[in-house]
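Please keep the sequence and the structure open while you read.

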Amino acid sequence: MEFQKLNAPSLKELFISELENMIISGRLPIGTKLPSERELASSMQVSRAVVNSGIAELEKKGFVVVKPRIGTFVEDYRRNGTMDTLVSIMKYNGGSLSSDEIRSILEVRILFMNLAARLTIEKASDAEIEGLTFYLDKLKNSSTPEDAAASIFEFSHELSFISGNMLLPLFFTSFRNLVCSLWVRYAIKYSIEELYQSALSIYNFVRARDVDGALHYIETSTTECISGNRMIY
């Protein structure tokens with residue numbers, strides 16, 4: 001059995017985590033003005049450099065907004081957040097997502113996968129499509145749900161890359177942590193083999209240059225995860 005290497009969080013990570021938890025829990029309501037960096041540093045017994053860089057990271061995630069010469073305020077993170085915001089919410093909730101959040105992620109995945117499959121069928125070479133088998137083999141031979149989730153993400157990301165759309169792989173990458181968490185859950189609930197068969201079906205449609213078949217399979221199989229026999233809530 002292999003064990004993961006343990007890493008102690010830095011003071012900056014601890015500062016960010018504490019503020020995120022206070023905001024998500026409602027202890028720091030939206031609109032609240034935070035104490036000055038000097039006051040936060042003194043209260044939390046960290047350097048001002050830790051507070052300054054932590055606040056910058058929290059603003060990037062959509063949890064706070066810094067108004068020059070006025071102060072730092074708790075932002076409406078559900079309205080103005082990013083993918084990083086959702087990852088932080090997941091961590092706060094013990095890694096879990098609500099059914100609405102899962103449904104939303106999967107609905108967006110249908111759009112991205114449909115575009116990736118259609119463009120790949122239209123533009124990719126046979127050799128590029130054949131290259132997808134590398135990731136299929138990794139998925140088939142995965143020994144843990146985490147490995148399987150990483151492999152099916154790599155398969156999907158490569159599909160988006162060979163589609164020829166320059167932005168599509170970036171969109172896939174931005175959803176990596178969220179989607180992988182769902183595929184881990186799927187592999188635990190339904191097996192790694194089921195994940196492999198799903199990716200293999202997409203590959204077979206793409207290799208056959210069957211646009212209608214690929215799009216129909218992606219939509220119906222993903223819908224099964226939302227409201228059918230393969231729900232992952």
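A salt bridge here is a side-chain nitrogen of Lys or Arg within 4 Å of a carboxyl oxygen of Asp or Glu. By that rule, a search of the whole structure finds 7 salt bridges. The model is predicted. The largest nonpolar core holds 50 residues.

**Salt bridges**

- Side chains of opposite charge can pair when their charged atoms come close.
- Arg 103 and Glu 107 join their side chains in a salt bridge, at 3.5 Å from N to O.
- About one helical turn separates Arg 103 from Glu 107, because the two are 4 residues apart in helix α6.
- Arg 103 is partly exposed at 31% relative accessibility, and Glu 107 is partly exposed at 39%.
- Arg 118 and Glu 122 also meet in a salt bridge, at 3.5 Å from N to O.
- Arg 118 and Glu 122 sit 4 residues apart in helix α6, so about one helical turn lies between them.
- Arg 118 has a relative accessible area of 31% and counts as partly exposed. Glu 122 is partly exposed too, at 47%.
- Arg 230 and Glu 194 form a salt bridge at 3.7 Å, N to O.
- Arg 230 is in the segment after α13 and Glu 194 is in helix α12, so this pair ties together parts that are 36 residues apart in sequence.
- Arg 230 is partly exposed at 28% relative accessibility. Glu 194 is partly exposed at 29%.

**Nonpolar cores**

- In soluble globular proteins, nonpolar side chains tend to be buried together.
- Which residues have the most contacts inside the largest nonpolar core? They are Leu 106, Phe 155, Trp 183, Leu 195 and Ile 232.
- At least two residues of this core come from each of α5 (83-92), α6 (99-123), α8 (133-140), α9 (145-161), α10, α11 (176-190), α12 (192-207) and α13 (211-227).
- Helix α11 gives the largest share of this core, 9 residues.
- A second, separate core has 19 residues, among them Phe 15, Ile 16, Leu 19 and Leu 28.

- Leaving aside neighbours within four places in sequence, Phe 155 contacts Leu 132, Tyr 135, Leu 136, Ala 199, Ile 202 and Tyr 203.
- Ser 151 is a residue of helix α9.
- Is Ser 151 buried or exposed? Ser 151 counts as buried, because its relative accessibility is 5% and the cut-off for buried is under 20%.
- With neighbours within four places again left out, Ser 151 touches Tyr 135, Lys 138, Leu 139 and Ser 142.

**Aromatic pairs**

- Phe 63 and Tyr 77 make a tilted pair, with 5.3 Å centre to centre and 45° between the planes.
- This pair links distant parts of the chain, 14 residues apart. Phe 63 is in the loop between α3 (48-61) and β1 (64-67), and Tyr 77 is in helix α4 (residues 77-80).
- Phe 63 is buried, with a relative accessible area of 0%. Tyr 77 counts as buried at 10%.
- Phe 205 and Tyr 217 make a tilted pair, with 6.1 Å centre to centre and 35° between the planes.
- Phe 205 lies in helix α12 and Tyr 217 in helix α13, so the pair ties together parts 12 residues apart in sequence.
- Phe 205 is partly exposed, with a relative accessible area of 26%.

- Phe 171 is located in helix α10 (residues 168-174).
- Phe 171 counts as partly exposed, because its relative accessibility is 41%.
- Phe 171 belongs to one aromatic cluster with Phe 112, Phe 172 and Phe 175.
- Phe 171 is also part of a nonpolar patch on the surface, together with Met 166, Leu 167 and Leu 170. The accessible area of these four residues together is about 480 Å².

Conventions:
Residues are numbered from 1 along each chain as its sequence is written. This is a predicted model: local features need pLDDT of at least 70, side-chain atom pairs count only at pLDDT 80 or more; totals for chains, interfaces and linings use all residues. Side-chain values use heavy atoms; hydrogens and water are left out. Patches are made of residues with over 30% relative accessible area and no salt bridge: like charges are joined within 9 Å, nonpolar side chains (Val, Leu, Ile, Met, Phe, Trp, Tyr) within 5 Å. Accessible areas come from the Shrake-Rupley method with a 1.4 Å probe; for residues, only the protein chains shown count as cover. Buried means under 20% relative accessible area, exposed over 50%, partly exposed in between (1.4 Å probe, protein chains only). A nonpolar core is a set of buried Ala, Val, Leu, Ile, Met, Phe, Trp, Tyr and Cys residues joined through side-chain atoms within 4.5 Å. Contact means heavy atoms within 4.5 Å. Rings of Phe, Tyr and Trp (its six-membered ring) pair if their centres lie within 6.5 Å; planes under 30 degrees apart count as stacked, over 60 as edge-to-face and the rest as tilted.
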